[in-house]
Amino acid sequence: MTSLVEVATHLPPRVPLTTHGPVIGLTQVETRRYRRGFGFEHICWDPELSETDLMLAAAAGLAGLRGREHQVRYLIRARTVRFPSPYPRSPLDDVRRALGLRQAQAFAVTEHACASGLLAVDLAGTLLDTDPLPDALALVLLGEKAFSKPAQLMPGVAVMGEAASAVLVSAEGAGDRVMSFTTRTVPLPNTGPCLNSDQYAMFGDIYPPALADVVKSAVASAGITLDDLALILPHNVNALSWVKTVKRLGLPLERVFLDNLPRMGHCFTADPFLNYRTVTESRLMRPGDYYAMTSVGLGATFSAMVLQH
Amino acid sequence: MTYQAVTPRHRPFATPDRAALALHRIGHRVFPRGTTVPDDTASAALSSDLARMASMPLDPRAAPRAGSTFAEMAAPLVAEFLEPDESVDLVVLASATPDLLPAHQAAPSVLEALPGDPLAFGITDQGRGAAFTAVDLAQRCARRHGHRRAVVLLFDQALLPYDGPSDLSQRVDASAAAAVVLTAPPPDRIGGRAGGSGRGCQVRHQATVPPDEVLRRAFAPVDPEVLGNSPDVVLGAGVDPGLPVPIPGAHVVRDAPGLPSTGVWRAVAHRNDPGAARPLIVVDANPVTDEVWTFWTTGRPTRP
């Protein structure tokens, strides 16, 4: 059964949205709306850090990787922005070399936008399940640079942050066990980091029911009930959207861990894993607890993964 | 589409009877002219900022030229190589180069054109290896989840807004796409095992391979049944053309440089084997990362 052996994070400095907003083109009125209406107070942001440095900083926190580099067969980058560097340059290959992962094949998983992270973990499980080496590992890297205007803001949804996460995955190891994964794509053609007003309206309409449906589906596939979920570790977007979603799930809003939203921003594919680290460091889950990770990608893809701590 | 995966409690590797997908159809098209101009604000900003971060000067001639997006290239291939009643479980998009409109996802448009409600995702950032990884993932997803039909869509896109690579193994000369249709063979008449008898295709990745050992290492994992039956061998432009092929009776085709993701699959699509009866081996390599990929499949079994 797929297991998260270890989760590490890198948090760049937190910048107040009052100073970051003008940098990414928000007016004072818009900045106030993203703070008070949507809940974003600080954004993790480090313009001096390169894409390669960001991934290496996240992986540096994995104590369980040291001495096991030769076991890592897959280095998987979950990407929101599909093409992370000018062809044929590859920061991911730089990371592979720097970490000494000589046997790993490295590639990026895309097309689920910010939901690519949970998909990458599921695909890592698939690769490991079918790998002939019983002790093979996968390293999944999540989060990315908000390097360009279209990648710095999702209008009406989120302000993007640059915190990153590294997840060591095994097929049968000790750690948090992946019980189920559900993903649903509702095609909104020609979408990417930017939606036009019609697409945003459509996205807003389908968002709460589609997200609630995949959570219910993943919970059912895991053989548990919604009441069994100790926590939902979400993607850090517009807190108001969660009010609508938990109403459909029949869960109290307190079951959704939203503490990092005002502290980090929406960090692309990394959010659920950043929240996992905060929750485990704060001992908010007990061994044996079930929890769900969620992500939504513009496009639009809705994903939920149920795990046992 | 709702894709649901329950993590298996037992590893599928230990259950080789699980259906394996076989190469069913393959098509390749070059798209010399397109009508989409890559001038939307988001895509232009992403491309220029990426180039700026990498200290690569933008090519001022590239911006106004019209071309074809991945979704536009996929549409005619899907129409030609998939029947409307052929429900697809999985579609994997793979490329070495960026899409013409990098800010816009291709999968949602592709999904709308595909029969069935498949899971769709993309593989990038692996150069020439992305295509092999896509086929490998399709095969492994099928083994884990029992998929019956998968489509791998491969893309090359030549209109780069900066100077492209001149290295032969990385050069991209044209926009092109390939569709690789994989299906689970019907159960054996004798054994009743879906996908049994080793007829599914296989992919193997190997790392730390010195350039002069590429072919020796590439052929090492291939089934003796394939090696001993005069296979068609397609070698990608990442393989040193001076390396001899150590397989007696092999029909060797070396792909010309210029199509890093689709080139070898063009050669497969154009091979003179209409019944797909001969075994097939496809090899490509990345001399920069010292990696080698091998795809092989037995030919269609001849029945008495």
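How many helices and strands does chain B have?

## Starting with chain B

Chain B has seven helices and 11 strands. Here helices (H or I, at least four residues) and strands (E, at least two) are DSSP runs, numbered from the N terminus. Please keep in mind that this is a predicted model, in which local features need pLDDT of at least 70, side-chain atom pairs count only at pLDDT 80 or more, and totals for chains, interfaces and linings use all residues. Residues are numbered from 1 along each chain as its sequence is written, while chains are lettered from A and ligands numbered from 1 in the order in which they are written.

Of the 304 residues in chain B, 51% count as buried; a residue is buried if 20 or more other C-beta atoms, placed from the backbone, lie within 10 Å of its own. Two residues are in contact if their C-beta atoms, placed from the backbone, lie within 7 Å. Taking the contacts in chain B between residues at least 6 apart in sequence, 78% join residues at least 24 apart.

## A sheet in chain B

Let's look at one sheet. Strands of a sheet pair through backbone hydrogen bonds, either parallel or antiparallel. In this report two strands pair if DSSP finds at least two bridges between them. Chain B holds an open sheet of five strands in the order E7-E11-E10-E8-E9, with mixed pairing. Its edge strands are E7 (202-206) and E9 (251-254) of chain B, each pairing on one side only. From one strand to the next, the twist averages 15°.

Strand E8 (residues 232-235) of chain B runs parallel to E9(B), and four bridges join them. Here B:Leu235 stands opposite B:Arg254 in E9(B). Helix H4 (residues 130-145) of chain B lies across E7, E10 (280-286) and E11 (291-297) of chain B, and runs at about 130° to E7(B). Axes are lines fitted to C-alpha atoms, for helices over the stretch in contact, and angles run from 0 to 180 degrees between N-to-C directions.

## Where the chains meet

How many residues does each chain bring to the contact? Chain A gives 60 residues and chain B gives 62 residues. On the side of chain A that touches chain B, the largest share, eight residues, comes from E10(A). The residues of that side divide into 28 nonpolar, 21 polar and 11 charged. Ala, Val, Leu, Ile, Met, Phe, Trp, Tyr, Cys and Pro count as nonpolar, Asp, Glu, Lys and Arg as charged, and the others, Gly among them, as polar.

Strands also pair across the two chains: E5(A) and strand E4 (residues 119-124) of chain B are antiparallel over three bridges. A:Val109 stands opposite B:Ile123 in E4(B).

## Helices packed in chain A

Two packed helices are described by the angle between their axes and the distance between the axes. The axes of helix H3 (residues 51-59) of chain A and H4(A) come within 9 Å and cross at roughly 40°. That angle makes H3(A) oblique to H4(A), because angles under 35 degrees count as roughly parallel, over 145 as roughly antiparallel, 65 to 115 as roughly perpendicular and the rest as oblique. Among the residues making this contact are A:Met55 of H3(A) and A:Val95 of H4(A).

H6(A) and helix H7 (residues 239-249) of chain A pack at an angle of about 50°, with their axes 9 Å apart. H6(A) is therefore oblique to H7(A). The residues of this contact divide into seven nonpolar, two polar and two charged.

Note on methods:
Buried ≥ 20, exposed ≤ 12 C-beta atoms within 10 Å, placed from the backbone.
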